[in-house]
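Student: I have a structure open and would like to learn how to read it. Could you walk me through it?

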Amino acid sequence: IKILRYKQWGANVMWLLKEQKAVEREIARNGSTYIVKRNKVDKYGEPTQEVEEVTTLCGLFHISKGFITKNTSDGSQTKTKGQPMILALWEECETIQNGDFVVINGNTYRITDKNNIEEYNIIADISLEVVLSDRN
């Protein structure tokens with residue numbers, strides 16, 4: 001039984017490596033380059049107006065659809081809401097923190113979450129939130 005388990009584990013590792021290479025090729029072929037930035041902090045840990053570049057990554061921008069349910073006196077209403085995200089390689093995202101930001105098509109997006117998909121350290125899905133300005 002132990003030998004069978006080791007063989008299965010080896011097959012899983014091979015499958016993961018194959019999937020990682022497929023995702024890497026797709027991101028390299030169809031992905032865009034994004035520059036992630038962060039506001040510098042002063043000696044008290046307060047953010048300043050100075051901006052520093054955190055990392056440059058290649059990723060796939062996509063919208064994940066979610067649902068919002070609103071309870072009213074007449075019942076409940078369910079609406080769909082799009083969540084902008086970037087799919088990127090985990091190794092390019094390790095230095096990213098919540099609160100960092102990226103500019104896409106002239107719109108600034110704040111990073112709200114970084115999800116290590118399946119905890120495999122292969123790919124990350126970065127959740128974004130539009131920063132409202134006088135432009136939008």
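Tutor: Strands here (E, at least two residues) and helices (H or I, at least four) are DSSP runs, numbered from the N terminus. Before going on, note that this is a predicted model, in which local features need pLDDT of at least 70 and side-chain atom pairs count only at pLDDT 80 or more, while totals for chains, interfaces and linings use all residues. Residues are numbered from 1 along each chain as its sequence is written, and side-chain values use heavy atoms, with hydrogens and water left out.

Student: How many helices and strands does the protein have, and in what order do they run?

Tutor: There are 2 helices and 6 strands. From the N terminus on, the elements follow the order α-β-β-β-α-β-β-β.

Student: What holds strands of a sheet together?

Tutor: In general, strands of a sheet pair through backbone hydrogen bonds, either parallel or antiparallel. Two strands are called paired if DSSP finds at least two bridges between them. In this model, 6 strands close into a barrel, in the order β1-β2-β3-β6-β5-β4 with antiparallel pairing. From one strand to the next, the twist averages 50°; the axes behind it are lines fitted to C-alpha atoms, and angles run from 0 to 180 degrees between N-to-C directions.

Student: Which strands pair with β6, and over how many bridges?

Tutor: β5 pairs with β6 in the antiparallel sense over 7 bridges. These two strands form a hairpin with 6 residues between them, and Glu118 in the turn has a positive phi of about 55°. β3 also runs antiparallel to β6, joined to it by 5 bridges. Here Ala88 has Ala124 of β6 as its bridge partner, and Ile86 stands opposite Ile126.

Student: Is β6 largely enclosed or open?

Tutor: Buried means under 20% relative accessible area, exposed over 50%, and partly exposed in between (1.4 Å probe, protein chains only). Because 6 of its 8 residues are buried, β6 is largely enclosed by the rest of the structure. Across the 136 residues of the protein, 24% count as buried.

Student: Where should I look for a nonpolar core?

Tutor: Such a core is a set of buried Ala, Val, Leu, Ile, Met, Phe, Trp, Tyr and Cys residues joined through side-chain atoms within 4.5 Å. The largest one has 15 residues, and those with the most contacts inside it are Leu57, Ile86, Ile126 and Leu128. β6 gives the most to this core, with 3 residues. Apart from it lies another core of 6 residues, including Leu87 and Ile123. Taking contact as heavy atoms within 4.5 Å, and leaving out residues up to four places away in sequence, Ile86 touches Tyr34, Phe61 and Val102, among others.

Student: Where is Asp100, and which side chain does it have a polar contact with?

Tutor: Asp100 sits in the loop between α2 and β4. It counts as buried because its relative accessibility is 2%. A polar contact is a pair of N or O atoms within 3.5 Å; within protein, one must be able to donate a hydrogen and the other to accept it, and residues adjacent in sequence count only if both atoms are side-chain atoms. The side chains of Asp100 and Arg38 are joined by one of 2.7 Å.

Student: How many disulfides are there?

Tutor: With a disulfide defined as a pair of cysteine sulfur atoms within 2.5 Å, the count comes to 0. Cys93 is buried at 0% relative accessible area, whereas Cys58 is partly exposed at 21%.
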